[in-house]
Amino acid sequence: MRATVLYGAGDVRLENVPDARLIEPADALVAVSRACICGSDLWPYNLMEPVETGRRMGHEAIGVVDAVGADVRTLKAGDVVVMPFAYSDGTCVFCREGLHTSCIHGGFFGTDEVAGAQAEAVRVPRADGTLVVLPVGADHTLMPSLLTLSDVMGTGHHAALAAKVGRGRTVAVVGDGAVGLCGVIAARRLGAERIIILGRHPDRIALAKELGATDVVSERGEEAVERVRELTGGFGVHSVLECVGTDQAMLTAIGIARPGGAVGRVGVPHYERIPSAQPAFYNNVTVSGGPAPVRAYIEELLPDVLEGRIEPGRVFDRVISLDEVPDGYRAMNQREAIKVMVKP
């Protein structure tokens with residue numbers, strides 16, 4: 001089968017690899033009908049040291065179950081399923097607490113342990129606890145929005161929950177990528193009164209406003225902090241969704257949070273220590289978040305997608321074939337695309 005393999009920074013290739021197959025009795029084999037490139041894929045795309053064996057990429061997918069292992073009970077061949085970016089058994093102590101990304105038998109797709117989903121097929125470990133059957137056909141018009149439930153919509157929702165977004169609150173979203181845009185959707189869905197998007201790409205800002213952003217701040221650093229405080233009477237915002245992962249983004253997030261506010265961080269951190277520890281401490285600012293347990297959120301968000309109350313699929317602005325995946329990485333890396341969908 002064909003699959004996407006990253007060999008080092010900037011070196012992403014489409015290659016013929018051994019077919020995905022069942023290995024463990026709890027596995028499912030899924031023929032991928034939709035996958036995508038994630039903003040987090042750009043970190044290894046820019047920074048990964050060269051390797052000989054390569055890394056099979058991709059952690060977001062929708063597909064059709066082709067086969068299941070002997071221990072699988074909730075799935076059958078022909079089911080249309082969404083695959084969260086982390087696999088989990090659904091029964092361990094952390095899964096029962098809604099923290100599937102810490103499953104004691106779980107892990108992540110697109111790693112050395114489990115191959116990625118930017119491919120024609122993918123093996124899904126712990127299939128009963130991981131995959132969610134969708135009540136639609138494989139070519140339903142809502143596929144783009146349903147695909148976001150595998151990562152970015154659930155991640156934006158996780159950021160909003162960690163930041164304690166609620167009715168009447170003022171929210172700022174740091175980052176105008178797909179996760180940030182889904183964070184805007186999540187904040188609006190949870191009843192935020194005012195949503196400030198911090199970004200500077202015109203196409204993304206326009207979409208953010210359509211999705212529910214009420215204000216735009218295009219400045220960066222201290223200028224961004226000053227501008228947000230101007231917009232909030234000098235106080236700052238109740239909730240900040242940090243959707244980037246750099247130290248500058250976290251500095252800004254803490255700088256714009258009002259005393260007693262909260263920061264929900266879902267950008268994979270590329271810093272050793274959280275900056276601005278003393279301002280966060282003295283202002284009683286809560287800093288929370290991490291990899292989103294999107295499996296815990298799918299059942300909650302799915303009805304809103306199916307009934308058209310939210311449209312997170314609008315973050316996809318380019319659709320490509322597997323053969324075009326290298327150019328898809330380039331386009332996202334150069335900010336020519338917000339998020340790229342892959343149709344094998």
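1. Leaving aside neighbours within four places in sequence, Lys339 is in contact (heavy atoms within 4.5 Å) with Cys36, Ile37, Cys38, Glu60, Val152, Ala178, Val315, Phe316, Asp317, Arg318 and Met332. This lysine lies in strand 18, residues 339-342, where helices (H or I, at least four residues) and strands (E, at least two) are DSSP runs numbered from the N terminus. Lys339 counts as buried at 1% relative accessibility, buried meaning under 20% relative accessible area, exposed over 50% and partly exposed in between, with a 1.4 Å probe and protein chains only. Its side chain reaches the backbone oxygen of Ile37 at 2.9 Å.

2. The model is a predicted one, in which local features need pLDDT of at least 70 and side-chain atom pairs count only at pLDDT 80 or more, whereas totals for chains, interfaces and linings use all residues. Residues are numbered from 1 along each chain as its sequence is written, and side-chain values use heavy atoms, with hydrogens and water left out.

3. Thr101 is found in the loop between helix 2 (93-96) and strand 8 (107-108), and this threonine is buried, with a relative accessible area of 15%. The side chain of Thr101 reaches the backbone oxygen of Pro291 at 3.3 Å. Not counting residues up to four places away in sequence, Thr101 touches Pro291, Ala292 and Pro293 as well as Phe85, Ala86 and Phe108.

4. The second largest pocket has a volume of about 340 Å³, a volume being the space filled by probe spheres set on grid points that are joined across faces, edges and corners. A pocket is an open set of points on a 1 Å grid over the protein atoms alone, where a 1.4 Å probe fits, with protein on both sides within 12 Å along at least five of seven lines; lining residues have an atom within 4 Å of a point. Of the 19 residues lining the second largest pocket, Ile23, Arg56, Val114, Ala115 and Arg123 lie nearest its centre. Strand 4 (55-56) and strand 9 (121-124) are the elements that give two or more residues to this lining, and strand 9 supplies the largest share, three residues.

5. Three strands form an open sheet in the order 2-1-4, with antiparallel pairing; two strands pair if DSSP finds at least two bridges between them. Strand 2 (11-16) and strand 4 stand at the edges with a single partner strand each, so one side of each is left without a neighbour in the sheet. Strand 1 (residues 2-8) is joined to strand 2 by six bridges, and Asp11 in strand 2 is the bridge partner of Gly8.

Note on methods. A polar contact is a pair of N or O atoms within 3.5 Å; within protein, one must be able to donate a hydrogen and the other to accept it, and residues adjacent in sequence count only if both atoms are side-chain atoms.
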